[in-house]
Structures are given as C-alpha cells and as structure tokens.
Amino acid sequence: MALIKDTSVEEVKAAADILAVVGGRTQLRKAGPRYVARCPFHEERTPSFSVNPVEKFYYCFGCGAKGDVITFVRETEQLDFAGAVEWLADRFNVQVDYEETSPEQDARRKRRERMFAVLDAAAAFYERYLWDSQAGSLARDYLAGRGLNEDVCREYRLGLALGGTTLARKAVERGFTRDELAAAGLVNRRGNDYFSGRLLFPLADARGRVLGFQARKLRDDDPLRAKYVNSPEGELFRKGDLLYGLDRARAAIAKQERAVVVEGNTDVLALRQAGVEPVVASMGTALTERQLKELSRLTTRLWLCFDGDAAGEAATLRGMELAAALGLEVHVVALPPGFDPADLAEGFEQRLGAAESYLLYRTRIEIERAADRQDGFVRVREVLSRFEDSPQRQEAIRFAADRLDLPKETQAGLAPRVGAAASTGRVSPRLLDAGARLERHALAGVTAHRSLVPVLAELTPEHFDSEEHRRLREQLVGGGELDPELDARAAAEGIDERTAEELLLRLRERRIRRDLADADQERTLELQAALARIRSAIEQLASAQPISR
C-alpha cells in the first residue's frame, strides 16, 4: 500500500472527533474535563476507560489500553495504520495525499479509487431513479407492500436499475471509461447496463464503500429467472467476503456485544426499522469462514435467524457448525415454516430472548431426523463429542436424555470426551428401551392387581411416552377388558402388587424430573418436595420386600 504523507496524517488527526469514534463502541459519560465509559477492550462492570477530547487520546485503568484516535480505529476495526487513517479520512471528509510510489503501484491505487468512485456514483444514480422517477413506482409499491418505509430504504441506499444503457451513458458523460465500468461490474460484455428492471441493494465493505449490488426481480417477465442476481465477482466484489448491512450495524454490534444474522436483505431492513440494530444478512447462503471472522472482530455472540423451511438444510447447518467451531457463542432462532424475520419484525427481541443454544438446537434436529432411538443416540453423541464441556453442552445432554428416555447408566455415553471416537460402540437396545419397559411393566402390574387401578388413574396420559401405552392406561382406568399380553407379562416377570406399586411411583418420579428442567424457582421448590416424598415411598417399599425384575 502506498505511504500516506505525514501532512495528511496530521490533517486526519485534527479533523477526527475522538468522542464520535469512541462513542460508536461504548457509551460515554462526561466526568469533569474528560469522558468515561466501560472499556471496549475488556469485560468490566465499573467504567475505567477515560477519553481526553482535547488531547484526543484514551487510557484504560483496567487493562492498560491507550492511544490516539488512529490507534483506537486500528484496534477496533482490525486495520493497519494506513487503513485506519483512510477510514478516518472517509468519515471526516479529509483528502489524503500519498508519497511517491512506483508507476505500477500508483496506477493500481488510482484504478481502485476510480472503481470505488464509479460504484458510489452508480448507487446514487440508482437511488434517484427509485425515488424520483415514475418508473420507480413498481419498486416503491413492492417496498411498501413489505412494510418498509422510505427512511430505512434511503438509509441503506436502495435503488432501481432501468436497464439498456441508461447508467453506462451517464457514467461515460461524467468521465468514467467503459473499462472502469466493466471492472466494477456495472456493464456486460456488450456494453449494456449489467442490471435491468430490478430493485438494487448496494453491498458495502466495513468502511461503507460500495463494492457491488444485489438485484431483486420485480416483474414476472424478467428474462433472468433467478429472484436475486449479484454483481459479477471481480477485483472488488467477492460475495463470500461480505455481509449485507455490516457497515451500518458495526457500531451496534460492538456496543451490544451481539450480532443478529438473517438470510435476506429485506429482513435486515425490517428488523432495523423495528429497532433491532445489530443485524446483518448472509444474502441467502450459508455463512462463510471469512464472514464469520469479520463478525468475530466485533463480537463472539451470534443469533442466527432462519425460516422454518431453511433451518434444517445441510448448508445452513454447516454455517452454524462452522461458527461454533470458531469458538463463537451461537444461538438459533428457528421461525415457523413460511415466515421470515421481516414477517415477524415487531416484537422480535422476544424471539431472540427465547433462542436455543446451537448445541441444543442441533441435538433436537438430530433426534427428529433419527430413524429410531439407537440412531438418535449415535447422531447426538457424534455432535456433542466435538465440543468441550460447557453449560450449553450439559443442557443438550439433559434434553437428549429426556427425549430419548435414557437410563442413567447410558447418559454418560452421550458425551464422550473431545477427541474420543464417538462413532465406535453401540448402546444396548435393552438399556435404550428401559423407559418403554417401565411403562409396560407398570401397566402389566395393574392388569394383574386391579386394586391399583385408582393409583394408575392418578397418573395422566403425559406420564406415558408411548401412544399405545396411553391407550392401554385409558382402557384399564375405564374398566375395559384385560389385555392378555399384559397379564402374561406380569406373570412372566414376577410382578407382585408391591412391585407394581413401585413401578407406578417410578413413572411419577420420571415425570417430575422432566418438569424440573423447565420449572421456575417457585415451581422447582414444589416439585423437589414432591420428588422427595416419592423417593421416600419407594425406599419404604424397597425395605419391605426385595423388588422383582
């Protein structure tokens, strides 16, 4: 990169407002001649970060971070010195001059500057056609139909491409060359405008510089079948590097220490309009490592929001897994099928608050996809074995153990240590079927000892997982005919009356343990007391006579 002249560096320092820059990362409060805040470089509850607005430097008494406004931008935006100076120059409208370089370097720099300039001019041109022309009425109606107001659409610089040579002709009149237009992805090989009759979303880098566009179809007779078309990959534009709206959301992501990732551009606009600011879009594809690393410079906490139809797709799951593998704290907001975040923007914070951890979400998905309980056990164990122990991992283990109805002796096998061969070995089907056997033996005991029917009636259908066992319970409670198979089982297993009574207590105990997982504090105390009473009753039965099995 070409060297920036010292005079330009000093001009940038003089023009930059350090309070505006730092205030984009942390909430500043005036304290005498200085401003204080919680440090953006380390976790703390009491503000120890101080900013001197006159001398334009900062210092943290907690972690020792210090420097001027250029250093602050370098650290927070992950830029080198020249990049930080250019970032500040862009923001505070300062012309940057460079030292003499080789003709080749100078030509490359000027070419990039020209491409940035023509892309920004194109964005402004498209904006005017969207809002100021009669031809823009269809696009404006579409946006209004999506509930998007003009303010948020203007903030994100939405535009309209008419097509033909409308843009190319105007750009050439302003002094841009055909080669520059082609390199920026604004014209095709024939010299016509690359986009035609489509709503345009400018795609910018972290500094807000337009690198390309994503274009949405507005008419059914559009010659291009795809709903969305992107600028061609080139010198500046690489879709896998960008997240839509990141330039607008960076400050909010850093301040709130979270990023909300959705699929579509209109989802970003709708959530932003509803007050959810740290939101970006993956533009309909799975997250890439480059996109995730860009986000990780700002936060380690991600909320991934996908519609119900897309959330289970392999590509989407790979993006989630990649984020988790990079050490990010991932939460998943699974929306109802047929809905996207834009449809549910109002009150979306409540959905974010109810999000599942990635491991819990992935565990649920694997169990739902499994052919049987044995397959579900193997699938869950494979996922959990890749992650170190954590509260989220323990939550997923408890969920799987409950959903698969695993006895205690098998639960440890759900989460082998990281690096262990998760796919080796099988769990005995007899152990996995322990829950079903408990239900059937309890019903068999009541069949053989009808005096226990009132005790069975106190149990609800929810105490049984099997639909067949729920039906048999209803039949026994209702005084229906005896099931010969249950009667024979009671005799074969030697289930006497006390054993049957204990089995019914075990069903109560299992139900209470499940309820405890979701209970509030008051309900937890109540359930724990009930659990203690049941355990006492079981111990009394056990001490009265050995339990047959």
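Modeller: Aspartate 241 and arginine 290 form a salt bridge, with 2.1 Å between the closest N and O atoms. A salt bridge is a side-chain nitrogen of Lys or Arg within 4 Å of a carboxyl oxygen of Asp or Glu. Aspartate 241 sits in the loop between β9 (228-230) and α10 (246-256), while arginine 290 belongs to helix α12 (residues 289-296), so the pair ties together parts that are 49 residues apart in sequence. Helices (H or I, at least four residues) and strands (E, at least two) are DSSP runs, numbered from the N terminus.

The model is predicted: local features need pLDDT of at least 70 and side-chain atom pairs 80 or more, while totals for chains, interfaces and linings use all residues. Numbering starts from 1 along each chain as its sequence is written, and side-chain values use heavy atoms, without hydrogens and water.

How exposed are the two partners? Aspartate 241 is partly exposed, at 26% relative accessibility. Arginine 290 is exposed, with a relative accessible area of 51%. Here buried means under 20% relative accessible area, exposed over 50%, and partly exposed in between (1.4 Å probe, protein chains only).

Another one joins arginine 364 to glutamate 356, with the closest N and O atoms 2.9 Å apart. Arginine 364 and glutamate 356 are both buried.

Glutamate 467 is exposed, with a relative accessible area of 58%, whereas arginine 470 is partly exposed at 24% relative accessibility. Elsewhere, salt bridges that share partners join Glu321, Arg362, Glu366, Asp375, Arg379, Glu382 and Arg386 into one network.

Glutamate 10 is part of helix α1 (residues 6-15) and is partly exposed, its relative accessible area being 47%. Arginine 174 is placed in the loop between α8 (166-173) and α9 (178-183), and is exposed at 59% relative accessible area.

A buried residue gives a contrast. Leucine 335 is found in the loop between β13 (329-334) and α14 (348-353), and its relative accessible area of 4% makes it buried. From leucine 335 to arginine 523 there are 188 residues in sequence and 29 Å in space, C-alpha to C-alpha.

Strand β3 (residues 49-52) pairs with β4 in the antiparallel sense over four bridges; two strands pair if DSSP finds at least two bridges between them. Within this pairing, valine 51 has tyrosine 58 of β4 as its bridge partner. The hairpin of β3 and β4 has four residues between the strands, and lysine 56 in the turn has a positive phi of about 60°.

Strand β4 (residues 57-60) has two faces: Tyr58 and Cys60 make up the covered one, Phe57 and Tyr59 the uncovered one. Strand β4 also pairs with strand β5 (residues 66-68), in the antiparallel sense and over three bridges. There, tyrosine 59 stands opposite lysine 66 in β5. Five residues lie between the strands of the β4 and β5 hairpin, where glycine 64 takes a positive phi near 85°.
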